[in-house]
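Thanks for coming. I'll go through one structure today, starting with its interfaces and ending with its strands.

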Amino acid sequence: MRARIPLLMLVLLTALSCGRGLHDPVFSGREPRIFPDYRDVTIPATIAPLNFSMDQAERLDVTLTGDDGTILHVHGSMARFPRKAWRKLLQANVGGAIQVDAYGFTEGQWMQHRPFHFYVSEDAIDYGLAYRLILPSYEGMGKLGIYERDLSSYRQKELISTEEVNGCLNCHSFNQCDPKDLNLHVRGSYGGTLIQQQAQLKAFDTKTDSTISSCVYPYWHPSGNYIAYSNNTTRQGFYQRAENVLEVFDYASDIVVYDIRNNRLLSCPLLKSESAWETFPAFSPDGKSLYFCSAAPKAIPQQMNEIRYNLCRIAFDPESGRFGDRVDTLVLAAPAGFSVSFPRPSFDGKYLMYTVSSFGNFTIWHRDSDLCLLDLTTGASWNLASANSPDAADSYHNWSSNSRWFVFGSRRDDGTHTRAYICHIDADGVPGKPFLLPQRKPREYYDNMLRSFNIPEFVTEPVPLNSHKAWRLLRRGKKEQFNYGTDIP
Amino acid sequence: MIRSQRLIDLSVSLLLLVAATVYFSVWYAFHTVNLEQLQLFEGTWAYFAETVSVPGGFSDYLGRFLTQFFYHAWPGALILAGLLVLIRTLLRRVCTRKDAVIGAATFLPSILLMMVMCLRFPTVSLLTAFCLTLVAVLAVKRIRSTKIRRICTFLLIPVLYLLLGSLVVLFAAIVAIQEHNWRFSVVALLLAIACPLVASLVFPYPLGRLFYGLSYYKVHVRMPVWPWVAAVAAAAVVALAESRLLAENDRAWRAAYAAVFILAIPAVLLCSSRNDEQSLRYNSLAGKRAWNRIVTEATRRAPKTYGETACLNLALCKTGHLGGHMFEFQQDGPETLLPNENTPHHDGLSTAEIFYQLGMVNNARRYCFEALNAIPDYQKSAPVFKLLAEISLVNENFEMARKYLTTLSHTLFYRRWANERIALLKDPAGPFVLNEYTEKRYERYKGEDYIFDYNQADASIKQLLVEHPGNLTALNYLLAWYLLHKFTGDFVAACPFEAFTSAVPKAWQEGFVLDWNRSGYPADDLPEFITPSLAARFEAFTRDFNANVPLAAMQERYGDTYWFYYFFK
């Protein structure tokens, strides 16, 4: 009798698994509705498995078939791919495609859907992302922190957060994805700007008598010798209708460049003009130009909807720290009825990506904001339609170190929370379809994650930030003061 | 232990259980309920994994699990009292000596912990950590072999640190005291103290918090010293039980019991705040939309702060008594009607509720997030999520509504409410079935969008009325806003006196009469909707006012009128 028990159990299990297994599917004639929408996305070969669930399907049966014939089959309540087999499949199909045959079991019936593909790019992607997780709140901050995510796995590491630092953390910035050069602002009673270079962390007070505010929106010079900032007098207001939430606007803004070696803020009248609000500085990859946005001042809040920023450029001499004597307008947005924000040149020098919206500059709260690309050689500019969503904010973006991927924030998921999307872009500036940052259980993760992915940036290696040291520096008040002056020693 | 001592022991434990239960369920009920409102316990694996992933996470998880029952004050109070008695009982069992002096002394940590629970932001996790620490001590004590017991102690210290947090120091201290071996004691204590140091290399928390205990108090700055005073007291009691001090002293045990309980009452009262309790009562009742209970509460204990008065005004409005009774309570300007982020003592959730009831759902959402941000240990809040779900349903953002509702569906007390709405979301027409949201959808803004300006809130409320004239909450708030701003002209222009089918509310009449008088019209020509008695009272008020009657007398005679507010506030 005892010998028969395992046999009986085996029979029972087999019967059960047969009942739950794929059988008699009906062809739906359409592609499956999956979350996240990974249909026909272009992905790097080192990305973590793109697990997904299917709307209203109790069970899934998914087969991945690579161009090389490698097969990976999973079956369960969601498509959850084993990491090693996934990695092997992707490596074997670099430059090719993987066909995804997905069956969903809904209301007692297996449905076969039209297959879709994962396109595995030959372009490598960086080690990971660094981003801020923040409640989509308005005044207080709640728990917020800067986190690092390894793109080849689901591992997320907290770099620094309000659990440790008593103040708002913002504007983390790295030098062309290299986290060894790091800039981070902390606001609040112990506030200051943290700058780390060659593993040396220093805290600074960036407000000077000659600037209208502390330094924000940092962008590293490729040499690592300068950081461009803007000084903004910023306020926010709250809309009355449900479609819009709030508006963040400047009453004034200027641009300065911090000379790290000489502890000196540099600027020029063209960047501190009374007749224009200059913001969002970004150095060109050769370090010889500074891109920024500029708008004619308007009365706030009466003419708020008429504030439109153009995309401009001024020459910069890294040797002397001097600026050019004229400003070029690259995208004349104001007369065309739109506004430019967040210029981000690709590190290969070919393109510049920016966000457009109907007015203003804080585009993450604008449902109409879209990503656009400017070809720096021809001056042609176009909307990245395949990356943008029709009715949700697509905003803050950054390039990977090889300029073949970009990451951006989008509210297409639920209209409230910003999520990090990664998109491939080829040498001709043609983007693929973006994909949502993968998670082990994406539906559960994103339903529970009621914080926004803010300012996602690629990093080439883990961020070497010692949060205890950072907080000690700030608490002890050992902050160096930024000096303002245009005289170069 | 002799029988009479056992009886005393049991009686005093029972006394503590009853006293603490009554205290936390009657006099301090909303402090207890508030603990539940500052968290959202989800019965999911992900929530468990997230909670236990930090030092002290397991005791925190147990604490949060128990806190969810604080949804009602009685079970919450019973759980708190039960844990306090359990701690005392466990400590009694840990102690080697069993005489009455030790019996009395073992109440001391529980009373100190009861003091902690009376503070503004305590956690039940502290009590669960205390209990489990003492259970661990008892478990180790049961091991007879000294060598194995000591090895187990060393092995348990890091494990207990991960499970229970810094109270592992108490575990090490008690075991060390009872081992009577200074070498072992030093090593055990050093090992316990080293745990937070090692943890600081792994977990991104300041060393101070890792030493204090991550979940022993909700606020992370200026944490109270009492939890550690209780731990030291527990260790001291164990040390006393190891000595022969005060043993078999007939007078000593009586004195010990007397001292512990005589000190207990003022100590607990010292840590309690009746003012906080009253604010929490108003906020909690407003969150539960218990309008009649708020009005009843106000007649028993008048509101004192801006936030409390704002809750009362909303309750008066929702029960149709704002115009009739608002000046019977102290009003301190428009912020007692519509608080903003700078209003002292305002609560995010009740402010959100006010805006929600007005139909200003975007402002309601804003204050919901403010309420979330105000939770000191960054947890989610079930009542806030409930209101956010409702706001999302009104705004037809069904994807967000589904997310909030799904989270609530993982809870014990909000599950049913959430599941009913989730079921509706599955049908495209479902979300439009519930009248409460359909009504709010009509009441919210539909016209041209603009930025809200608190100083011109009347313009926003007026816009609501233009788009939906049937919004009585908005109408009452507009009229009250004008009166509290002392804009009587605007008040008279906005008030539809002729539309009232019954008597015009008292405050509205008072506002009209005052404006009539200040405009120089004769009192004899007052319209019919002004009752003769009110007109006569105004005449008397004018006479007394002109005669410079002292303020106290004016307050006594006219403190319930708008006129008194107008001239003296």
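This is a predicted model: local features need pLDDT of at least 70, side-chain atom pairs count only at pLDDT 80 or more; totals for chains, interfaces and linings use all residues.

Chain B puts 40 residues into the contact, and chain A puts in 36. As background, the size of an interface is often given as the accessible area lost when the parts come together. Here the area buried between chain B and chain A is about 3,400 Å². Carbon and sulfur atoms give 52% of that area.

There are also charged pairs. Five salt bridges are found across the interface of chain B and chain A. A:D447 takes part in a salt bridge with B:R402, and their closest N and O atoms are 2.9 Å apart.

Which elements of chain B supply the side that touches chain A? At least two residues each come from α20 (361–373), α22 (398–409) and β1 (451–452) of chain B. The largest share is that of α20(B), with seven residues. Sorted by class, the side of chain B that touches chain A has 17 nonpolar residues, 13 charged ones and 10 polar ones.

Strand β1(B) comes up again in strand pairing. It is joined by two bridges to strand β18 of chain A, residues 226–239, and the two run antiparallel. If you want to find the place on screen, look for A:Y239, whose bridge partner in β1(B) is B:I451.

Now to the inside of chain A. This chain is divided into domain 1, residues 26–120, and domain 2, residues 128–475. The contact takes 23 residues from domain 1 of chain A and 21 from domain 2 of chain A. Taken over C-alpha atoms, the centres of the two domains of chain A are separated by 34 Å.

How much area do domain 1 of chain A and domain 2 of chain A bury between them? The value is about 1,700 Å², with 61% of it on carbon and sulfur atoms. On the domain 1 side, the residues that lose the most area to domain 2 of chain A are A:F35, A:T42 and A:A48. Together these three make up 30% of what that side buries.

Across this domain interface in chain A, the rule finds two salt bridges. The side chains of A:D37 and A:K433 meet in a salt bridge at 3.1 Å, N to O. Eight residue pairs are in polar contact between the two domains of chain A, again with both residues at pLDDT 80 or more.

As for the elements involved, β3 (41–43) and α2 (83–92) of chain A each give at least two residues to the side of domain 1 that touches domain 2. The largest share, three residues, comes from β3(A). That side of domain 1 of chain A has 12 nonpolar, four polar and seven charged residues.

Last, one sheet. Chain A has an open sheet of four strands in the order β29-β30-β31-β32, with antiparallel pairing. Its edge strands are β29 (394–399) and β32 (435–436) of chain A, each pairing on one side only. Strand β31 of chain A, residues 419–424, pairs with β32(A) over two bridges in the antiparallel sense. Within that pairing, A:Y421 has A:L436 of β32(A) as its bridge partner.

That's where I'll stop.

Technical notes:
Residues are numbered from 1 along each chain as its sequence is written. Chains are lettered from A and ligands numbered from 1 in the order in which they are written. Side-chain values use heavy atoms; hydrogens and water are left out. Domain bounds come from an automatic or database domain assignment. Contact means heavy atoms within 4.5 Å. Buried area is the accessible area (1.4 Å probe) that two parts lose on being put together, summed over both. A salt bridge is a side-chain nitrogen of Lys or Arg within 4 Å of a carboxyl oxygen of Asp or Glu. A polar contact is a pair of N or O atoms within 3.5 Å; within protein, one must be able to donate a hydrogen and the other to accept it, and residues adjacent in sequence count only if both atoms are side-chain atoms. Ala, Val, Leu, Ile, Met, Phe, Trp, Tyr, Cys and Pro count as nonpolar, Asp, Glu, Lys and Arg as charged, and the others, Gly among them, as polar. Two strands pair if DSSP finds at least two bridges between them.
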